[in-house]
Amino acid sequence: MTRSAMMSRIGPKDTKPEIMVRKGLHRLGFRYRLHTKELPGKPDIVLPKYRTVIFVHGCFWHGHEGCHYFRIPKTNTDFWQAKIGRNQERDAMVLQRLAQSGWRILTVWECATRQVSEDLLISVIADWLESREKEASISEQDFFSRLDGKSGSRPK
């Protein structure tokens, strides 16, 4: 199967990482809406009670720097750099618009859903939802640097 054929099968919603986060939050009693079209960027998960949105980003598609799941392909490099660059620009604009509208924003990176136990990841998300932080990002690196004692008590 060609790269083009593989990439075309990846959809924008209901991905495995997104479903894992949704099921975990639901299990803990959090209720949410999905892909609300009225909000900038159609966030993956919207928790109106907490005035919070959660984006579950794929490391490749959103250019997660420093992540081993993000590598620009060696063929058609210019195309992929431009595409991922546009995604990152759009992400920044969406985050800015949501923050200006008073929404709290959490970005959960795909690498965290793959490398961290589901229970631990969901408990960290739930703790963040109960906090007053306005914006945060959770990735695999946050957990492993915490275990090594290189970071504070909570993921960034």
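**Exercise 1.** Which residues in α3 are buried?

*Solution.* Keep in mind that this is a predicted model. Start with the extent of the helix: α3 has 24 residues and reaches 35 Å from its first C-alpha to its last, close to the 34 Å expected at 1.5 Å a residue. Next, apply the cut-off: buried means under 20% relative accessible area. In α3, Trp-80, Ile-84, Asn-87, Asp-91, Val-94 and Leu-98 are buried. To read that pattern, recall that an α-helix has 3.6 residues a turn, so residues three or four places apart point the same way. Finally, step past the end of the helix: just after α3, Gly-102 has a positive phi of about 90°.

**Exercise 2.** Work out why strand β3 can be called largely enclosed by the rest of the structure.

*Solution.* Take one side of the strand, where Thr-52, Ile-54 and Val-56 point one way from β3. Then turn to Val-53, Phe-55 and His-57, which point the other way. Residues on both sides are buried. Six of the six residues of β3 (residues 52-57) are buried, so the strand is largely enclosed by the rest of the structure.

**Exercise 3.** Find the strands joined to β3 and follow the chain between them.

*Solution.* Begin with β2 (residues 45-47), which runs antiparallel to β3 and is joined to it by three bridges. Here Ile-45 stands opposite Ile-54. The two strands form a hairpin with four residues between them, and Arg-51 in the turn has a positive phi of about 45°. Now look at β4 (residues 104-109): six bridges join β3 to this parallel strand, and His-57 stands opposite Trp-109. From β3 the chain crosses through α3 (residues 77-100) to β4, a right-handed β-α-β crossover.

Technical notes
Residues are numbered from 1 along each chain as its sequence is written. This is a predicted model: local features need pLDDT of at least 70, side-chain atom pairs count only at pLDDT 80 or more; totals for chains, interfaces and linings use all residues. Side-chain values use heavy atoms; hydrogens and water are left out. Buried means under 20% relative accessible area, exposed over 50%, partly exposed in between (1.4 Å probe, protein chains only). Two strands pair if DSSP finds at least two bridges between them. A crossover is right-handed if, with the strands pointing away from the viewer, the path from the first strand over the helix to the second runs clockwise. The expected span of a helix is 1.5 Å times one less than its number of residues.
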